[in-house]
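Please read this report with the sequence and the model side by side. It goes from the whole chain to single residues.

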Amino acid sequence: MAARTTQRKERMRQATLAEIRATARRLLVEHGSAAVTVNAVAREMGLSGPALYHYYAGHEELVGALVADFYRELAQAMAAARDARAGEPPAVRLLAACRAMRAWAVGHPAEFGWIFASPGPPRAERSADSPRHQAGLEFEQVVLEPFVELWETSPFPVPELDALDPSLREQLRAYSAGLGGRLPPEAAHTFLTCWIRLYGLLCMEVLHQLDFAFTDLEPVYEECLRELAAALGQEYRPPEPGR
């Protein structure tokens, strides 16, 4: 009996946590980042501010939990697009995942902003066991996996490591080591270069930094994917209608 009571209480707690995050997300989408405060969320739920602190210690913890949700939702969308092309070449799956990333970002600009356009905690303050950090690592794996598979099956062109700036070489070696050596430093350089280009373009689109010139960024994004495929020594395939 005691065990069932404990399980029931935990289910109720998890349901309340989910409701808190859903309420905070609605405030973010409808009214912007400044509207997401502990008191505002509590008020929307008919609770007092202090009552909400029984579930989240403060605004920072609530934001971290929300960002973790957004990371996982984006990663799931990308993984689903990638896995829908199972059996096809890694480059095809990579392009599918990249297109899914843009579709999610454009469809969820407020959430995308909280993931990528707002600063996270400083490196020294990042906790390995925080939901935000763990979800970010899960997202990184979805982005990284196709590059690792490409490197293992059809190594792409990479720069000469000795030709790079010494500081850059050191950082790339550290990053490669953090990946368990799955990409050597020079391949990590190519991976990060591709990611920076995609990320930068998406940020500029979602934050409306290119509205002065473009009303439709999809062809620009596809042009970027075409160039990245060429840089990886892979064939570019345009998106199929309805996919």
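The model is predicted, so local features need pLDDT of at least 70 and side-chain atom pairs count only at pLDDT 80 or more, while totals for chains, interfaces and linings use all residues. Residues are numbered from 1 along each chain as its sequence is written, and side-chain values use heavy atoms, with hydrogens and water left out.

**Overall fold**

The protein chain has 10 helices and zero strands. Helices (H or I, at least four residues) and strands (E, at least two) are DSSP runs, numbered from the N terminus. The C-alpha trace spans about 60 × 40 × 35 Å along its principal axes. Of the 243 residues, 40% count as buried; buried means under 20% relative accessible area, exposed over 50%, and partly exposed in between (1.4 Å probe, protein chains only). A contact means heavy atoms within 4.5 Å. Among contacts between residues at least 6 apart in sequence, 65% join residues at least 24 apart.

**The nonpolar core**

A nonpolar core is a set of buried Ala, Val, Leu, Ile, Met, Phe, Trp, Tyr and Cys residues joined through side-chain atoms within 4.5 Å. The largest one has 71 residues, and Met78, Met101, Phe116, Phe139 and Leu183 have the most contacts inside it. Among the helices that each supply at least two residues of this core are helix 1 (2-31), helix 2 (38-45) and helix 9 (185-206). Helix 4 gives the largest share, 12 residues. The core draws at least three residues from each of domain 1 (1-57) and domain 2 (66-232); these bounds come from an automatic or database domain assignment.

What does leucine 183 touch, not counting residues up to four places away in sequence? Its partners are Leu144, Phe147, Val148, Trp151, Phe156, Ser176, Ala188 and Phe191.

In helix 2, the residues Val38, Ala40, Val41, Ala42 and Met45 are buried. Glycine 46 follows helix 2 and has a positive phi, near 75°.

**Aromatic pairs**

The structure holds six aromatic pairs. Rings of Phe, Tyr and Trp (its six-membered ring) pair if their centres lie within 6.5 Å; planes under 30 degrees apart count as stacked, over 60 as edge-to-face and the rest as tilted. One of the pairs joins tyrosine 71 and phenylalanine 139, with 5.7 Å from centre to centre and 40° between the planes, and is tilted. Tyrosine 71 lies in helix 4 (residues 59-83) and phenylalanine 139 in helix 7 (residues 131-153), so this pair ties together parts that are 68 residues apart in sequence. Both tyrosine 71 and phenylalanine 139 are buried.

Why is the pair of phenylalanine 147 and phenylalanine 156 edge-to-face? The ring centres are 6.5 Å apart and the planes stand at 85°, so the pair gets that label. Phenylalanine 147 and phenylalanine 156 are buried too.

Tyr71 and Phe139 also belong to one aromatic cluster with Trp195 and Tyr199.

**Single residues**

Arginine 102 lies in helix 5 (residues 90-107). Is arginine 102 buried or exposed? Arginine 102 has a relative accessible area of 14%, so it counts as buried. Arginine 102 lies over the face of tyrosine 221, at 6.0 Å from the ring centre. A charge sits over a ring if NZ of Lys or CZ of Arg is within 6 Å of the ring centre and within 35 degrees of the ring normal. Leaving aside neighbours within four places in sequence, arginine 102 is in contact with Leu202, Glu205, Asp216, Leu217, Glu218 and Tyr221.

Most residues other than glycine have a negative phi. Histidine 208 is not a glycine, yet has a positive phi of about 60°. Histidine 208 lies in the loop between helix 9 and helix 10, and is exposed, with a relative accessible area of 53%.
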